[in-house]
Amino acid sequence: MGASEGLTEWVRRASLGQASAFSELYRRTRPQVARLVGGFAPLDPDEVEDVIQETFVRAFRALPRLKEPGAFESWLLSIARNRARTRLERKSNTRRLEEDVADPEPETVPHLPEALQLERDIEVVRQLIAELPEGEEKRTVHLFYIEGELSAREIAEKLGVGKSAVTMRLERFRSRIKRELLRRVLAGRWE
């Protein structure tokens, strides 16, 4: 019970915004989260690490809304479980879409020179960035893809957020791009 009470105190401190408390909570609970997420066999090691980071980002953002600090561990593991399931579902949907377009009929797919296809893809990315609502995600994506001179770590420092937040924003945007490109490929296939 002593360890749980100690964790509860760190949860209280973190909910008050103490940076050292967030670090301590991460240090103490990361092994449990990693074991849980690692148990989702279809996830590769990079995906497991992404889910772990997403879990902590979500948990720490929502921490002030946690009514019972003693429930932190089970609450954190629920978030991890849900993030892993969402990742698996997304992975499954992407795989299905890729299988649908993997073997198109050669005569139904017009041949485009590689340079023209690349130019079209870049234009889609620029258009998707322009369509994003104003905010942190658009700013992050613009710095990374349009200006293209800063690393994720440098963008995090410039925006005053953690690198994992920048990584998550970029991953969400990449997912949008993949979905949009697949949608356009599929639309072109049946035109």
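In which helix does Asn82 lie? I looked it up in what is a predicted model. Asn82 is part of helix 4, residues 72-102.

**Entry on Asn82.** I then took the C-alpha distance from Asn82 to Val51 and got 9.5 Å, for two residues that are 31 residues apart along the chain.

**Entry on Thr55.** I moved to helix 3, residues 45-62, where Thr55 is found. Is Thr55 buried or exposed? Thr55 counts as buried because its relative accessibility is 0%. I listed its contacts, leaving aside neighbours within four places in sequence, and found Val33, Leu76, Ile79, Ala80 and Arg83. Arg83 came up again when I looked at charged groups: Asp50, Glu54, Arg83 and Arg87 are linked in a network of salt bridges.

**Entry on salt bridges.** I counted 13 salt bridges. One of them joins the side chains of Glu9 and Arg13, with 3.5 Å from N to O. Both sit in helix 1, residues 2-15, and because they are 4 residues apart, about one helical turn separates them. I noted Glu9 as partly exposed at 36% relative accessible area, and Arg13 as partly exposed at 31%.

**Entry on helices 6 and 8.** Which residue does Arg169 pair with in a salt bridge? I found Glu136, with the closest N and O atoms 3.9 Å apart. Arg169 belongs to helix 8 (residues 163-189) and Glu136 to helix 6 (residues 136-147), so this pair ties together parts that are 33 residues apart in sequence. Arg169 is buried at 8% relative accessibility, whereas Glu136 is partly exposed at 36%.

I also found a salt bridge between Glu137 and Arg172, again with 3.9 Å between the closest N and O atoms. This pair links distant parts of the chain, with Glu137 in helix 6 and Arg172 in helix 8, 35 residues apart. Here Glu137 is buried, with a relative accessible area of 16%, and Arg172 is partly exposed, with 39%.

**Entry on helix 5.** I took the span of helix 5, residues 114-131. Its 18 residues reach 26 Å from the first C-alpha to the last, close to the 26 Å expected. Where around the axis do its buried residues lie? I wrote down Val124, Val125, Leu128 and Ile129 as buried. They cover an arc of only 135° around the axis, so they are on the same side of helix 5. On the other side I found Ala115, Glu119, Ala130 and Glu131 exposed.

Definitions and conventions
Residues numbered from 1 in each chain as written. Predicted model: local features only at pLDDT ≥ 70, side-chain atom pairs only at ≥ 80, totals over all residues. Heavy atoms only, no water. Helix = DSSP H or I, 4+ residues; strand = E, 2+ residues; numbered from the N terminus. Buried < 20%, exposed > 50% of the residue type's maximum accessible area, 1.4 Å probe, protein only. Contact = heavy atoms within 4.5 Å. Expected span 1.5 Å × (residues − 1). Arc of directions from axis to C-beta. Salt bridge = Lys/Arg side-chain N within 4 Å of Asp/Glu carboxyl O.
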